[in-house]
Amino acid sequence: MGKDVIIACDFASAEETYAFLDRFGETKPFVKIGMELYYAEGPQIVRELKARGHKVFLDLKLHDIPNTVEKAMRVLAGLGADICNVHAAGTGKMMEAALRGLTEGTKAGKRPLLIAVTQLTSTNQEQLEAELLIRRPMEEVVSTYAATTKRAGLDGVVCSPLESPAVHGFLGASFLTVTPGVRLAGDEKGDQSRVTTPAMAKELGSDYIVVGRSITGAQDPVEAYERCRQEFCD
Ligand code: C5P
């Protein structure tokens, strides 16, 4: 895997999701299922998307005590997702527990990749300092969380494309950076703070880009997806 565009399917129902994905015909994009869709439809949505031929990033961002996260990951491992994630803020111990749960819960085939959210791409420096009381530059915070993630044995992090060079420089090119906060030129930033275009994300060395509204909100989502792929993958 690597160098792919993942579509954030932030839809309210399975019906809406399948109607959207049917527009792609035989092309089966890598998709991301977040909390909205998973809470609405339950685990069946993951099984169904896999059965339809999609790779699935199950973006549930687990963050709880290590024992709870380990047990939850054991269950999620059975769904067949390709990528799962946690919040690095849960600490190295929590991430180790998550990895154990995911590994032990994988009965057949390959364990899903496990990555950790460093700082949400909607968080800016001011919020980091005033609300989270983290008085360090964002890039340093992200790199430090990423180092803890790597020490815990995980495969990579979720971060802004702007932070990919620092993470790769610090932790090596094989440590994955999966990067939301991507917009086609001219599109609204919405609630995201640290954003780039797909072309810029490629230049900065992102391994996967996660694109939601620039594709799902486009007049022609298939064309927008192809444009993202051309800019990022070619
Ligand atoms: O619509 P947009 O492209 O902003 O969607 C980005 C997706 O990536 C959303 O589903 C959001 O939950 C997710 N995400 C993010 N920042 C993170 C982790 C995940 O935006 N750090």
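Author: Happy to! Let's start with Thr177, which touches Val157, Cys159, Ser164, Val167, His168, Gly205, Ser206, Asp207 and Tyr208, leaving aside residues up to four places away in sequence; a contact here means heavy atoms within 4.5 Å. Please keep in mind that this is a predicted model, in which local features need pLDDT of at least 70 and side-chain atom pairs count only at pLDDT 80 or more, while totals for chains, interfaces and linings use all residues. Residues are numbered from 1 along each chain as its sequence is written, and side-chain values use heavy atoms, with hydrogens and water left out.

Thr177 belongs to strand β7 (residues 176-179); helices (H or I, at least four residues) and strands (E, at least two) are DSSP runs, numbered from the N terminus. With a relative accessibility of 0%, Thr177 counts as buried. That word stands for under 20% relative accessible area, with exposed being over 50% and partly exposed in between (1.4 Å probe, protein chains only). For contrast, look at Glu203 in helix α9 (residues 198-204): Glu203 is exposed, at 70% relative accessible area.

Now for the aromatic rings. The structure holds four aromatic pairs. In one of them, the ring centres of Phe20 and Phe24 are 5.4 Å apart and the planes meet at 65°, so this pair is edge-to-face. Rings of Phe, Tyr and Trp (its six-membered ring) pair if their centres lie within 6.5 Å, and planes under 30 degrees apart count as stacked, over 60 as edge-to-face and the rest as tilted. Phe20 is buried at 7%, and Phe24 is buried too, at 5%. Phe24 also pairs with Tyr225: their centres are 5.5 Å apart with planes at 85°, so that pair is edge-to-face as well. This pair links distant parts of the chain, with Phe24 in the loop between α1 (14-22) and β2 (30-33) and Tyr225 in helix α11 (residues 221-233), 201 residues apart. Ring pairs join Phe11, Phe20, Phe24 and Tyr225 into a cluster.

Finally, the cysteines. A search of the whole structure finds zero disulfides, a disulfide being a pair of cysteine sulfur atoms within 2.5 Å. Cys228 is buried, at 1% relative accessible area, whereas Cys233 is partly exposed, at 23%.
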